[in-house]
Amino acid sequence: MPKKRILLIEDEADMVYALNLQLEAINCEVLSARDGQAGLDMARKEKPDLIILDLMLPKIDGYKICRLLKFDEKYKKIPIIMFTARAQEQDKKLGQEVGADAYITKPFDSKALLDKISALLKK
Amino acid sequence: MNKTTQIKQSKKMGFKELKDKYQLLRDLMDFIPDVIYFKDKQGRFIMVNQAHAKGLGVTPEALVGKTDFDLFPKNRARKMAQDDAHVMNTGKPIIDKVERATRPDGVDNYVSTTKIPRYDDKGRVIGLIGITRDITRRMQFERLRKDKLCVEKKLESLEELSAMKSEFISTVSHELRTPLAVIKGLVTIVFNEVVGQINHKQKEVLQKTLDNTERLKKIIDDLLDISRIERNTLKLHYSLVDIVDLIKDSEGFFIKLAEEKNICLKYVYPDEPVNVFIDADRVRQVIFNLISNAIKFTMDGGKIKVEVKILESKVRIGVIDTGIGISRADLSSIFNKFTQVSKLPGAENKGVGLGLSISKKLVERHKGEIWVESKAGVGSKFYFTLRRFYTLDMLGKSLRNKVSRLMKSGISMHFVSLLILNCGEFRKRMRISLDSLFKDLHAILVLVLKNAKYAGADKQAMSVINPRAGKFSIILPGASSRQAADISNLLKYKIKQYFASNKVEDVFITIGSLSYSQKVLSQDDGFSPSRFSIKEIYIGSEMRRFKRLSFKTNIKLYLPDEKVELSESVDVSEGGICLVIKHLLKTDSELKLSFAFPENKESIITAKVRVAWIKKIELLFGEPSEKYKVGLEFINLENRCKKIIRRRLLNKS
């Protein structure tokens, strides 16, 4: 079975490192981008199986990227997990409005994240 | 007195007396600005005063027999008549009733009405007396006072909130430290293989973990710092430090950090040591903040320069980079709390935005200035100043040796250092050789020590005299602080007397004192005083103490494109001039200046100046423009101008 490809759009280097370790452990190929624009470009070019999207990014913010991808026929099928330290109700709601498939707050529970990823990848 | 008696009395009065009395009352009626009138029982005016008539634009006579209904709109007149009736029927006066009337131009006028019933000699009401006073001003004042109280209350509650917030931040930060400490401890245990071996990959993971706990620690520390600074509970621990040494200490660390990003980090120092009296840890914090910011915000391959420059009575430290710079819009709020500007990608550097605001507060606590010049895309220049501690190489080697010997034997000591700032000049004026001067001073010291009853087998005062350098250092082992203070005060007095007796009047002698509470001297010779105190006695002529004068005058500062005329307060010394302007200047830029002392307007002083330091003045509420206090150094001041300034400074003493 081909490896699932997951795109991380996250500017915090240590976080990318940590997620990378976890995702490789569940046999996924990891791509990463350090800012919003690069992330968007990579998503369109590579068409990953799943995207983990940080919200506080330089250049374009996460909500915008999510909306751009979800409202585009070509990319709307790619599941997007929003990943952020912001945990207010209005942030989560906004996430839903732009079409995110899941919303995980930092610091996060790795088991919860991995379960979510597996669930979304199975679809 | 009752009516009957009054009438009897008036019958007794002669014509002249009556006339005089009448004139008094007449004057009262005519000249008082209040409106006064008499009405009969039907509400008709019997008599009115000038003010009343003038207010209605008629003569007093014209109003006799008229009623309010003839003069005012029906509704208003009706109300007045009601009041009249009430007063006359019940016999109860209306006193100071406040009424509002809106003028045709929309402005509100307030009046105070007083109506008092009039009686005949049989006690029946025959009319009333009315006084109306314009109290518009009083009401305005009342309103202003109420507004002021309101604002004060709001201010109070805001201050309370602010205090609560600071306390909250402090409490929470402390709470955060505990679990953080636990995490750090546990991770370190695994990292150091205390609970078993770990492989390379595991070590890598744990290293990153520890790095992040450090980041967290810094954020918490910053939060605690800022809350302590705001609650004024931050204590500073001062000591005498050579700022060059302090900065050199961390050179290695920063150069290595800069190398990781391929940034060229250069340090520029003056040739001499620069002593400052500061809290070394806190100033180190400021330097750390500025240099690490410079590294953070400069791209790979960029350049950073750290420059220490000696100004007249200050030292200026600059951190200049070729980084991403700060946009005009962000520049004014760069030192504010929690401001973060757009960063380079690589968010490991995200802090919580407190560094610069803490640095600013720390510099200001040290009575220094901090400012920034920057252009987006070009780079930034951050500068801050500290006051110089005017002293030459305080502890010469011979002294240090003597002191360390004493320290090793566990004896505490006090130190009195006498520094003659312009001895060459003094001895010329007294026509004696330097050696004789110092011999005389030594004799004075011996006398003073005898009088202070300081001596003993183990307590021998040691002195080291260095006439060439104008220095005279005295070590008082085993002296109490009281003895040391007495000795230095007495010395100061006797020396002043000595100079006076030699016809040198304008000598100033000051005593400064410090105690060393931490390792300040060179690390190499193992000299680390744990506690000893130093009294510094400076002897110099009044003027050379870089005496400053403040006054108001017109100054013309020639900016690169236009003239600026200022008449703000000014502070002048032989070395430079300090003034308040509306323009923002560039540090180290050169300009022309001209001014004259107020009493001597014909002698105009022109000079070329260099911008040494800048301080932005906090705007008071309502002030529209930006104001800056700047320090300008004279460049090659003409002798003519030097003389004018010198003469003026001398006069002021």
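This note covers the aromatic ring pairs and the charges over rings in a predicted model.

1. Conventions. In this predicted model, local features need pLDDT of at least 70 and side-chain atom pairs count only at pLDDT 80 or more, while totals for chains, interfaces and linings use all residues. Residues are numbered from 1 along each chain as its sequence is written, chains are lettered from A and ligands numbered from 1 in the order in which they are written, and side-chain values use heavy atoms, with hydrogens and water left out.

2. Ring pairs. Rings of Phe, Tyr and Trp (its six-membered ring) pair if their centres lie within 6.5 Å; planes under 30 degrees apart count as stacked, over 60 as edge-to-face and the rest as tilted. Over all chains, this rule gives eight aromatic pairs. One of them is the edge-to-face pair of B:Tyr37 and B:Phe45, with 5.6 Å centre to centre and 90° between the planes. B:Tyr37 is buried at 6% relative accessibility, and B:Phe45 is buried at 3% (buried means under 20% relative accessible area, exposed over 50%, partly exposed in between; 1.4 Å probe, protein chains only).

3. A tilted pair. B:Phe254 and B:Phe288 lie 5.5 Å apart centre to centre, with 50° between the planes. B:Phe254 belongs to helix α10 (residues 251-260) of chain B and B:Phe288 to helix α11 (residues 280-296) of chain B, so the pair ties together parts 34 residues apart in sequence. Helices here are DSSP runs (H or I, at least four residues), numbered from the N terminus. B:Phe254 is buried at 1% relative accessible area, whereas B:Phe288 is partly exposed at 34%. Ring pairs also link B:Phe253 with B:Phe254 and B:Phe288 in a cluster.

4. Charges over rings. A charge sits over a ring if NZ of Lys or CZ of Arg is within 6 Å of the ring centre and within 35 degrees of the ring normal. B:Lys203 lies over the face of B:Phe191, at 5.3 Å from the ring centre. B:Lys208 lies over the face of A:Tyr17, at 4.8 Å from the ring centre.

Notes. Helix = DSSP H or I, 4+ residues; strand = E, 2+ residues; numbered from the N terminus.
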